[in-house]
Structures are given as C-alpha cells and as structure tokens.
Amino acid sequence: MERILGDHRAEVVIAGAGPAGMSTALFLAKKGIGSTIIEKETFPREKICGDGLSGWVITMLRRINPDLVTKLQELPCQLPSYGVRFFAPNMKAVPLPYRNAKYPDDPPGHIIRRIDFDNLLMEEVLREPLIKVIQGVTIAKLEYGTNDIILTDTSGNFRISAAICVMASGASGKITGSIDPVKRDYKHQATGIRQYFEGVTGVHEGNFVDFYFLDEFLPGYLWVFPQPDGTANVGAGIRTDILKKRKLTLKQVMEQALIQNAHLAERFKNARPLSGIAAWNLPLGSKKIKLSGNRLLLTGDAGSLIDPFTGEGVGNAMWSGFAAAEHIEKAMKAGRFDASFNKQYDRFVYKKLWKELRNSTWIQKLINYPKLFNWVMNKVTANPDLQQSLIRMIDDLDERKKLTKISFYLRLLSRK
Ligand SMILES: Cc1cc2nc3c(=O)[nH]c(=O)nc-3n(C[C@H](O)[C@H](O)[C@H](O)COP(=O)(O)OP(=O)(O)OC[C@H]3O[C@@H](n4cnc5c(N)ncnc54)[C@H](O)[C@@H]3O)c2cc1C
C-alpha cells in the first residue's frame with residue numbers, strides 16, 4: 001500500500017477498490033496480467049450498504065479462490081443467511097428459503113458489514129504480487145495520450161497512464177472524461193439509507209433478510225437484515241424520481257414506520273441505534289447504458305448494474321469485474337483498445353445480465369401498482385404452492401419470467 005505523487009505507469013489501471021475493482025484485478029492476476037488499483041479511501045473503509053450477500057457473491061468468491069468462501073464462513077463478524085422474508089402491506093410474511101443444490105453444506109447467503117467484506121477482498125488483493133494498490137488518491141479526470149489513457153487526481157500532482165482503464169468508482173460518478181452511468185436520470189436510480197441497531201427482535205431462525213412493503217411507501221421498501229450479536233442493518237430505499245416527486249424524506253419514512261407500524265414497533269421496542277443514518281445512491285440496471293469507450297470499461301455501480309428490484313449490486317459488480325478481465329485479455333491479444341473493439345464488452349455483460357435485470361425491472365414496476373401488488377402478495381401468503389413457485393423464482397430466471405406474463409395473473413385469479 002502506498003501513496004506516491006508524480007507520474008506512474010500500469011498495464012491496466014483500475015479506479016476504485018470496491019468489489020468491482022478488486023474482482024477485476026484478481027481475475028486479471030489469474031490470467032497473469034498486472035494492474036494498479038487507485039482508491040480514494042484507506043482500507044479498511046466503510047461502504048453504505050444493506051450488507052446482504054447473495055449466493056451470486058459466493059459463486060464469484062469461489063471463482064476467484066474457493067479459500068475465500070471458507071475464510072468468509074469463518075469470520076465471526078458474518079452471519080449465515082438462509083433466505084428472504086417479504087412482508088406484504090398487511091404484514092403477512094412470505095418466507096422464501098434460498099435453494100442451494102450445488103453446495104448443500106454451505107450457507108447460501110451471508111450478512112456481513114461491507115467494511116469487513118471488502119477488507120476480506122483487499123487482503124486477497126494484497127497477497128497478489130501482480131496487483132499494486134495506491135490508496136488515499138482520488139481520481140478526478142480521465143484524458144488520452146497518444147497511446148494510452150491518463151488518470152489524474154484532484155491535486156493534479158498524481159498521474160497514472162495505462163493501455164486501458166477500468167472505472168470501478170461506484171455510484172459517485174464525478175470523474176471528468178468518464179461516462180456518467182445514469183446521467184441524472186432519476187428513474188434509473190434509487191436512493192437508500194441505512195442505520196445499525198441493536199436489540200431488534202423477531203429475527204427468522206434462518207437469519208432471513210426481511211423486506212417490508214408498506215402501503216404508504218410503495219414502490220419503496222424497508223429492510224431489516226440481522227447481523228451477529230443481535231445487531232441489524234436497517235434501511236429504506238425507493239426510486240429517486242419517486243422520492244423527489246413525493247418530496248419524501250427517507251429518514252422520516254423510516255423513523256415513522258418503526259414507531260407507527262405495529263409489527264415493526266414490536267420488533268423495535270427495545271432497539272437502540274448504534275450509528276447515525278447514512279444515505280447513498282443506487283444506479284439501477286433498469287436500462288442499458290454505454291459500458292465502454294476508448295480505452296475504458298465501466299464495472300459495477302459505475303456501470304449501473306444494480307438489480308432494480310432487490311437493490312443487490314455486489315454480485316453483479318464482481319461478475320462485471322470478471323467480464324472486464326476476460327475482455328482485457330482479448331484486447332491485449334488483439335492489440336485493440338478502441339471504442340469499437342470495446343463494444344464487445346457491453347454485449348458480453350448484457351448477454352449475461354440483461355435477462356435478470358429486465359425481469360427485476362418488471363417486478364419493480366409491478367410494485368408501482370399497490371393494488372395489484374397487494375393482491376399478488378395476499379394470494380401468495382394464502383397459498384403454499386405459490387410460495388414454492390416464488391422460491392424457484394429466486395434463482396431460476398425462466399421461473400421469474402413467469403411474473404412478466406399475463407397468464408401468471410390469470411392463474412392467480414383462479415386460485416383461492
Ligand atoms: C443503501 C444501500 C443498500 C445496499 N444494499 C445492498 C445489499 O444488501 N446487497 C448488495 O449486494 N448490494 C447492496 N447495495 C449495492 C452495493 O452497495 C453496490 O452495488 C456495490 O457496492 C457496488 O460495488 P462497486 O465496486 O461497483 O462500487 P463501490 O462498492 O461503491 O466501490 C467503489 C470504490 O471506489 C472508490 N472511489 C470512488 N470514487 C473514486 C475516485 N474518484 N477515485 C478513486 N477511488 C474512488 C470508493 O472509495 C470505493 O472504494 C446497496 C447500496 C446502497 C446504497
């Protein structure tokens with residue numbers, strides 16, 4: 001770890017050491033390609049998040065190094081999680097256990113503060129001789145040299161050039177010369193807040209992550225994700241355009257819900273906040289954007305790849321790091337880093353992720369119609385077969401697609 005002023009050179013430069021940037025570097029290293037990560041903070045560092053890691057994240061960890069999964073499982077600061085609970089506006093719960101056919105002995109999901117999870121990845125990065133990490137440097141600008149791309153920091157005294165840059169700087173989007181993922185299109189962005197509590201009761205025995213859909217806050221939702229030692233990550237999120245239109249204050253929405261909603265008030269009657277409320281943006285993958293340019297690839301939140309329904313972004317961030325490494329290997333072999341060649345990266349990413357992102361966008365839109373959503377949730381809470389069908393939908397895309405079909409709702413009509 002070092003912070004150096006002056007001019008630097010890298011094979012590949014990566015802006016940002018979140019899951020996207022660190023996965024890119026680790027997947028490149030597996031191919032024998034060196035990289036330099038520039039990170040504005042100094043690790044271990046906080047990241048505002050729900051702290052829920054799905055099976056998709058575990059799959060990516062396993063791909064990087066199966067030992068990472070064991071290390072994660074052994075961390076005392078993580079909690080294994082076995083499913084999701086959706087609470088309908090009438091507070092009926094729909095528990096949906098994750099299916100875990102491939103590794104039945106391993107917990108399918110985990111909840112862990114991002115400061116700890118990202119540090120686990122950073123430790124792996126620092127063990128890798130092909131990766132250099134420069135911390136405490138904020139990239140402000142991208143520009144082009146004759147045969148390279150040059151990144152400059154806010155002071156103008158640090159410059160690094162490389163054949164190609166991977167933008168992995170998350171949702172902050174303030175780097176001149178880069179592509180703004182959502183261009184202030186608030187329909188494709190959500191705003192979220194989170195706060196840590198202790199003393200929250202009513203946690204599911206399988207440490208399920210809880211999503212609360214409250215009539216007055218639809219299509220947004222509150223979450224309560226249990227953590228070790230009886231603590232919990234509690235938050236609220238909603239599409240930013242709706243937040244602005246309704247002039248909502250998320251802090252107020254959450255505080256009122258924890259007092260006024262009888263079910264939540266019971267769960268929080270002995271709870272105490274352990275932190276202040278922190279807010280951050282979620283660039284949603286509800287529309288395709290340009291993911292590359294000349295000598296430039298966008299990954300993770302910088303590429304607007306968050307699931308529009310669940311708000312999950314860590315898994316896609318890590319997978320896009322894998323995709324970036326695959327593309328960079330090809331680009332190096334071909335000696336091509338131009339915008340036209342890099343379009344292959346966009347196609348590769350959307351070929352893998354678009355089906356799921358589109359289905360989730362559809363579910364996000366369904367929640368926009370409270371009456372329809374309430375009706376579906378009432379049907380599901382009353383019918384175990386439908387619950388099984390939803391369980392399959394969690395990890396089976398073709399099953400999930402059924403939610404986008406009129407025939408699904410016609411079948412619901414015929415059920416008691
Ligand atoms: C309230 C909230 C709740 C969420 N809950 C979940 C959840 O439970 N599960 C889930 O999977 N996802 C969740 N997400 C989404 C998830 O946090 C992101 O999708 C994920 O962190 C994206 O990873 P990333 O590497 O792209 O970006 P980040 O994790 O944001 O990492 C970006 C890195 O770049 C650095 N950086 C930024 N700007 C610069 C710069 N100019 N120069 C150098 N470095 C820079 C940052 O310091 C940071 O280290 C949530 C998000 C929010 C806001």
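Predicted model: local features only at pLDDT ≥ 70, side-chain atom pairs only at ≥ 80, totals over all residues.
Two strands pair if DSSP finds at least two bridges between them.

## The three-stranded sheet

Gly52 stands opposite Ile111 in strand E8. Strand E4 and strand E8, which spans residues 109–112, pair in the antiparallel sense over two bridges. They belong to an open sheet of three strands. Its order is E4-E8-E5, and its pairing is antiparallel. Strand E4 (52–53) and strand E5 (78–81) are the edge strands, and each pairs on one side only.

## The four-stranded sheet

Strands of a sheet pair through backbone hydrogen bonds, either parallel or antiparallel. A second open sheet has four strands in the order E1-E12-E11-E10. The pairing here is mixed. Its edges are strand E1 (6–9) and strand E10 (139–144), each pairing on one side only. On average, neighbouring strands of this sheet are turned by 20 degrees against each other, direction ignored.

How many residues lie between E10 and E11 in their hairpin? There are four residues between E10 and E11. Strand E11 covers residues 149–153, and E10 pairs with E11 in the antiparallel sense over five bridges. Two partners can be named. Ile139 has Asp153 in E11 as its bridge partner. Lys141 has Thr152 in E11 as its bridge partner.

## Two helix pairs

Two packed helices are described by the angle between their axes and the distance between the axes. Start with helix H1 (residues 19–30) and helix H4 (residues 114–127). Their axes come within 10 Å and cross at roughly 25 degrees. Angles under 35 degrees count as roughly parallel, so H1 is roughly parallel to H4. The crossing of H1 and H4 is left-handed. From H1, the contact takes in Pro19, Met22, Ala25 and Leu26. From H4 come Asp118, Leu121, Met122, Glu124 and Val125. By class, the residues of this H1 and H4 contact are seven nonpolar, no polar and two charged.

Now take helix H8 (residues 314–334) and helix H9 (residues 339–367). They pack at an angle of about 150 degrees, with their axes 10 Å apart. H8 passes H9 in a right-handed crossing. On the H8 side stand Asn316, Ser320, Ala323, Ala324, His327, Ala331 and Ala334. They meet Phe341, Gln344, Tyr345, Phe348, Val349 and Leu353 in H9. The contact of H8 with H9 has nine nonpolar, four polar and no charged residues.

## Phe373

Phe373 is found in helix H10, residues 370–382. Leaving aside neighbours within four places in sequence, Phe373 is in contact with Leu218, Leu366 and Ile367. Pro89 is 284 residues away from Phe373 along the chain, yet their C-alpha atoms are separated by 9.2 Å.

Most residues other than glycine have a negative phi, and most peptide bonds are trans.

Pro219 is in the loop between strand E15 (209–212) and strand E16 (221–226).

Arg295 lies in the loop between strand E20 (292–293) and strand E21 (296–298). Arg295 counts as buried, because 22 C-beta neighbours lie inside 10 Å. Ser304 has its place in the loop between E21 and H8. Ser304 also counts as buried, with 30 C-beta neighbours inside 10 Å.

Technical notes:
Residues numbered from 1 in each chain as written. Axes fitted to C-alpha atoms, helices over the stretch in contact; angles between N-to-C directions. Parallel < 35°, antiparallel > 145°, perpendicular 65-115°, else oblique. Left-handed = near helix turned anticlockwise from the far one by under 90°. Contact = placed C-beta atoms within 7 Å. Nonpolar A, V, L, I, M, F, W, Y, C, P; charged D, E, K, R; others polar. Buried ≥ 20, exposed ≤ 12 C-beta atoms within 10 Å, placed from the backbone.
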